[in-house]
Amino acid sequence: SAAPPSAASPSRSSPSSGVAAGAAGDEGAGGDGGGVANAAAAAVAAAAAAVVLPAPAPVDEAVEEEHRRRLGAWVESQLRQAVERKVRRDAPQLGSWHGRLEALAGRAAASLHPEPNRSIGTILKIKTLAGGSAADSRYVDGVVCRLRLADKRMATRLPSPRILLLDCALEHEAGGVSTSLEGLGRQEDEHMTMVVAELAKLRVDLLLVSGSVCFTAKTKLLEAKIALVVKVKPQLLHRLARVCGTVVYRSPAQVLGAQPGTCGAWRVETITVVEPSPSLADPPLAAAPAGGATAGG
């Protein structure tokens, strides 16, 4: 049976609990309790809708700008202290490098975003050259590696190039026994003509190959204005694949329908290093690119 009215608790309760208690009591009474419960729920909903929240306080742009400035100053201070501690502990003779190392570290911290739970060391690489000075150090937002073009007449600077990576040799493999060198030469010429034509169809600007490349292929690639790099380590090919958004292909046959990658820029630089005399204060260390080619993101 329903509880008498005097049994109701005089304590204040939330609207939701009051509706639940009323529904339970009405169910026990067996009358038109369902209508009472619905009416109570509607009243609670109307009261909630009638509540007017205060408007948010206007944002003071000057205050936000001051907060950003202070936060930036704190970050710079922490970075400076970290560099000073590292240099003081591991290489106290590099006292004159504080400023340059701090600038390079700040640029790397602002540009690189490692995967969660991964160290920045997995994507940050430091190349050193004997000689030079702190002023020669540079930060490259991309991959720096030692590479050589197959021909000095090939392009050394390419803006937004289309790049194809091959982890194999680019040579003709005879399918059977040929009775003459002339026949082998004709087969190789036809095969390389087909491969280079497909590369030109894909608008490839740069081809990197881990193995050797036959003379016929080099000649035809030069005529097609496709830069060629040979003897590239497979580990480097996979690094470039991640940066350029492509995959490493295992055979020249996979060139058909391949998807070339790209990067912001490709350039080849020749760096001449002059060994410093022992009397110079700066040590023979430079965090500059180690020569060869760079692929920028």
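This is a predicted model: local features need pLDDT of at least 70, side-chain atom pairs count only at pLDDT 80 or more; totals for chains, interfaces and linings use all residues.
Ser 210 has 17% relative accessibility, so I put it down as buried, the limit being under 20%. I placed Ser 210 in the loop between strand 4 (206-209) and helix 6 (215-223).

Next I looked up its partners. The side chain of Ser 210 makes a polar contact of 2.8 Å with the side chain of Asp 167. Leaving out residues up to four places away in sequence, I found Ser 210 touching Leu 166, Asp 167, Cys 168, Lys 231, Val 232 and Leu 237.

Lys 231 took me to backbone angles. Lys 231 sits in the loop between strand 5 and helix 7 (234-244). Its phi is positive, near 60°, and Lys 231 is not a glycine. Most residues other than glycine have a negative phi. At 60% relative accessibility, Lys 231 counts as exposed.

I then checked Lys 225, in the loop between helix 6 and strand 5 (227-229). Lys 225 also has a positive phi, of about 60°. I noted Lys 225 as exposed, at 74% relative accessibility.

Last, I turned to a helix pair. Helix 3 (residues 61-90) packs on helix 4 (residues 98-111) at an angle of about 125°, with axes 10 Å apart. I therefore logged helix 3 and helix 4 as oblique to each other. The crossing of helix 3 with helix 4 is right-handed. From helix 3, Glu 76, Leu 79, Arg 80, Val 83, Glu 84 and Val 87 meet His 98, Leu 101, Glu 102, Ala 105 and Gly 106 of helix 4. By class I recorded 5 nonpolar, 2 polar and 4 charged residues in this contact of helix 3 with helix 4.

Definitions and conventions
Residues are numbered from 1 along each chain as its sequence is written. Side-chain values use heavy atoms; hydrogens and water are left out. Axes are lines fitted to C-alpha atoms, for helices over the stretch in contact, and angles run from 0 to 180 degrees between N-to-C directions. Helices (H or I, at least four residues) and strands (E, at least two) are DSSP runs, numbered from the N terminus. Angles under 35 degrees count as roughly parallel, over 145 as roughly antiparallel, 65 to 115 as roughly perpendicular and the rest as oblique. A crossing is left-handed if the near helix is turned anticlockwise from the far one by less than a right angle, and right-handed if clockwise. Contact means heavy atoms within 4.5 Å. Ala, Val, Leu, Ile, Met, Phe, Trp, Tyr, Cys and Pro count as nonpolar, Asp, Glu, Lys and Arg as charged, and the others, Gly among them, as polar. Buried means under 20% relative accessible area, exposed over 50%, partly exposed in between (1.4 Å probe, protein chains only). A polar contact is a pair of N or O atoms within 3.5 Å; within protein, one must be able to donate a hydrogen and the other to accept it, and residues adjacent in sequence count only if both atoms are side-chain atoms.
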